[in-house]
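Please review the chain shown here. The report is written for use beside the sequence and the coordinates.

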Amino acid sequence: MLRLFLICSLLGDVFSIQQRLYAQSETQAHTDSSAEPGTILAGFLPIDRSLRVEDGLPLNRVIPPSDDPMDELFDPGDKETPSPERPLDLKSLMRPRFDSSAEWEPEVGGVAISSYDLSMKIPVYPIFGPPPPFINFGYSFTQIDAPAALDLPQSLNEFSLGMSWMRPINEKWMARYMLNGAFASDMDNTGSTAWQVRGGMFAMYRPNETWNFAFGALATGQNDVPVLPVLGAIWQPRPSLKVDLMLPNPRISLLVSESESRQHWAYVGGGFSGGTWAYRRANGLGERLNYREFRFVFGWESTPPKKPGSFGSSGTRLNAEIGYVFGRKFEFDNGVPDIKIDNTLLLRSGISF
């Protein structure tokens with residue numbers, strides 16, 4: 001009940017904030033929906049749930065935004081020194097970004113899972129020009145309520161620290177580099193299996209304003225899938241429609257309304273999620289847990305439009321979604337049989353600023 005109260009409270013905060021923002025925006029003129037949508041750069045996310053809230057992956061979703069508040073920072077139109085008519089917004093460029101989210105999967109078959117994520121991204125002064133490198137901090141807490149017979153950990157923590165950087169190559173190509181270290185554990189097993197190193201190198205190609213492609217490789221820091229190839233695309237035939245073909249969370253997004261200060265997107269999507277942690281079993285032996293699940297979700301996002309000359313939205317980004325999760329499974333390193341659990345619902349909300 002406490003987790004349900006926390007989730008509902010966060011959802012209530014999201015919608016109450018949105019109502020106030022929408023009321024303010026109604027007094028302003030509407031923007032032209034036919035305006036140029038901005039640049040979209042494709043990418044690939046790892047299957048580890050915790051990395052979804054970390055910067056370090058090549059996404060740029062000016063329209064619509066994704067869960068990652070860094071997505072809108074990397075527009076090739078911003079790679080050159082701004083002209084006098086378009087001065088560089090250093091205040092926006094050097095502003096730290098914060099992101100928080102909460103997820104709840106209610107009890108079914110005796111197992112319930114909830115998680116809470118916080119992340120902060122601090123820009124480093126752009127000695128080589130914008131966009132700047134970023135230092136990324138993250139914390140994730142996951143709670144598993146399960147029968148004692150399953151011998152699963154109850155509380156899991158993950159701390160992460162890393163850096164990421166994106167550089168333009170030419171008018172159509174950009175490169176992205178990232179390196180993250182993470183400590184994921186029940187805080188009892190703190191051995192080598194609790195430490196993970198993740199990284200990647202990506203090339204992004206934008207042949208026109210409709211298509212974007214990404215190529216490269218990603219090190220996940222996991223034993224089951226240590227390296228993932230990067231290959232994907234995003235298609236945006238018009239500013240109000242976007243088809244995201246990127247794993248692990250592909251989606252189709254539709255702009256349902258907008259004003260001068262807010263854009264509101266509805267989306268349907270799917271994909272997979274999970275996490276990896278070290279923990280200690282009831283018998284005292286160290287173990288490593290991998291959790292995997294597949295998702296089908298309906299969601300809503302609200303974001304302030306990106307302003308010309310800035311490197312990020314100056315307002316608050318809101319997100320809420322409901323979904324269905326299936327194919328849920330716990331996997332172990334030391335020869336312990338996998339544990340499959342029943343399908344259930346998903347409730348998620350997030351806020352970025």
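## Basis and confidence

This is a predicted model, in which local features need pLDDT of at least 70, side-chain atom pairs count only at pLDDT 80 or more, and totals for chains, interfaces and linings use all residues. Residues are numbered from 1 along each chain as its sequence is written, and side-chain values use heavy atoms, with hydrogens and water left out.

pLDDT is the predictor's confidence in each residue, on a scale from 0 to 100. The protein chain has a mean pLDDT of 77. Of its residues, 70% reach 70 or more. Where pLDDT is low, the predicted coordinates should not be read in detail.

## Overall make-up

The protein chain holds two helices and 17 strands. These are DSSP runs numbered from the N terminus: helices are H or I with at least four residues, strands are E with at least two.

The chain has 353 residues, and 54% of them count as buried. Buried means under 20% relative accessible area, exposed over 50%, and partly exposed in between (1.4 Å probe, protein chains only). The accessible surface is about 15,000 Å², by the Shrake-Rupley method with a 1.4 Å probe, where for residues only the protein chains shown count as cover. Carbon and sulfur atoms own 65% of that surface. Among contacts with a separation of 6 or more, 62% link residues 24 or more positions apart.

## Pairing around E15

Which strands pair with E15 (residues 317–332)? Pairing requires that DSSP finds at least two bridges between two strands. E14 (residues 286–303) is antiparallel to E15 over 13 bridges. Here Arg295 has Val325 in E15 as its bridge partner.

E17 (residues 344–352) also runs antiparallel to E15, with nine bridges. Arg317 is bridged to Ser352 in E17. In E16, Ile339 stands opposite Phe330. E15 and E16 form a hairpin with six residues between them. In the turn, Gly335 has a positive phi of about 75°.

Asp151 is not a glycine, yet its phi is positive, about 55°. Asp151 sits in the loop between E5 (134–145) and E6 (155–168).

Met187 is another residue other than glycine with positive phi, near 70°. The loop between E7 (173–185) and E8 (195–205) contains Met187. Is Met187 buried, partly exposed or exposed? Met187 counts as partly exposed because its relative accessibility is 45%.

Terms used:
Contact = heavy atoms within 4.5 Å.
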